[in-house]
Amino acid sequence: RQRKEDPNRFRNYELKKLGITLQTKDEQFVKQGRRCAICKTKTPNTKKRWFADHDHQTGKFRGVLCGKCNAVLGFANDSTETLKAAIQYLQKTGQ
């Protein structure tokens, strides 16, 4: 007999590592107006899913992000200094 796979199994495992449940993530997403906490898009834009953002130092869940905003924070290593420098660069170059 073939076992029926839980479609949320991987998502639940990932969230468990953050110490939250899918319900907690969903509740936060509703509080955010079902939008990315940073750019406010309503489209997840990467892998057609929303990401549970967390502080990489503490592991604490911060909010729900689209894939692009999640990647920006990840590539910047959660560094406010790096992100401020990026803003200054864009302002200086007229973007």
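This is a predicted model: local features need pLDDT of at least 70, side-chain atom pairs count only at pLDDT 80 or more; totals for chains, interfaces and linings use all residues.

Visitor: Is Cys-36 buried or exposed?

Guide: Cys-36 is buried, because its relative accessible area is 0%. Cys-66 is buried too, at 1%. Across the protein, 23% of the 95 residues count as buried.

Visitor: How many disulfides are there?

Guide: A disulfide is a covalent bond between the sulfur atoms of two cysteines. The rule used here asks for a pair of cysteine sulfur atoms within 2.5 Å, and by that rule the count is 0. Take Cys-36: its closest cysteine sulfur belongs to Cys-69 and sits 3.7 Å away, so that is too far for a bond. Cys-66 is in no disulfide either, with the sulfur of Cys-69 again the nearest cysteine sulfur, at 3.7 Å.

Visitor: What pattern does the protein follow along the sequence?

Guide: Helices (H or I, at least four residues) and strands (E, at least two) are DSSP runs, numbered from the N terminus. The protein has 4 helices and 2 strands, in the order α-α-β-β-α-α.

Visitor: Which residues other than glycine have a positive phi, Arg-34 being one?

Guide: Most residues other than glycine have a negative phi. Arg-34 isn't a glycine, yet its phi is positive, about 55°. You'll find Arg-34 in the loop between α2 and β1, where it counts as exposed because its relative accessibility is 51%. Lys-40 also has a positive phi, near 70°. Lys-40 sits in the loop between α2 and β1, and at 45% relative accessibility it is partly exposed.

Visitor: In which sense do β1 and β2 pair?

Guide: Two strands pair if DSSP finds at least two bridges between them. Here β1 and β2 pair in the antiparallel sense, over 4 bridges. On the pairing, Phe-51 stands opposite Leu-65 in β2. Strand β2 (residues 61-65) is mostly covered, with 4 of its 5 residues buried. The hairpin has 6 residues between the strands, and Gly-59 there takes a positive phi near 80°.

Visitor: How far is the C-alpha atom of Leu-18 from that of Gly-59?

Guide: They're 41 residues apart along the chain, but their C-alpha atoms are separated by 6.0 Å. Leu-18 belongs to helix α1 and is buried, at 17% relative accessible area. Lys-25 is in helix α2 (residues 22-31), and because its relative accessibility is 7%, Lys-25 counts as buried.

Visitor: What volume does the largest pocket have?

Guide: On a 1 Å grid over the protein atoms alone, a pocket is an open set of points where a 1.4 Å probe fits, with protein on both sides within 12 Å along at least five of seven lines; lining residues have an atom within 4 Å of a point. Grid points are joined across faces, edges and corners, and the volume is the space filled by probe spheres set on them. The largest pocket comes to about 340 Å³.

Visitor: Which residues of its lining lie nearest the centre?

Guide: Glu-14, Arg-49, Phe-51, Ala-52 and His-54 do, out of 17 lining residues. Helix α1 (9-18), strand β1 (51-54) and helix α3 (67-75) each supply at least two residues of the lining, and α1 gives the largest share, 5 residues. By type, the lining has 6 nonpolar, 4 polar and 7 charged residues. Nonpolar covers Ala, Val, Leu, Ile, Met, Phe, Trp, Tyr, Cys and Pro, charged covers Asp, Glu, Lys and Arg, and the others, Gly among them, are polar.

Key. Residues are numbered from 1 along each chain as its sequence is written. Side-chain values use heavy atoms; hydrogens and water are left out. Buried means under 20% relative accessible area, exposed over 50%, partly exposed in between (1.4 Å probe, protein chains only).
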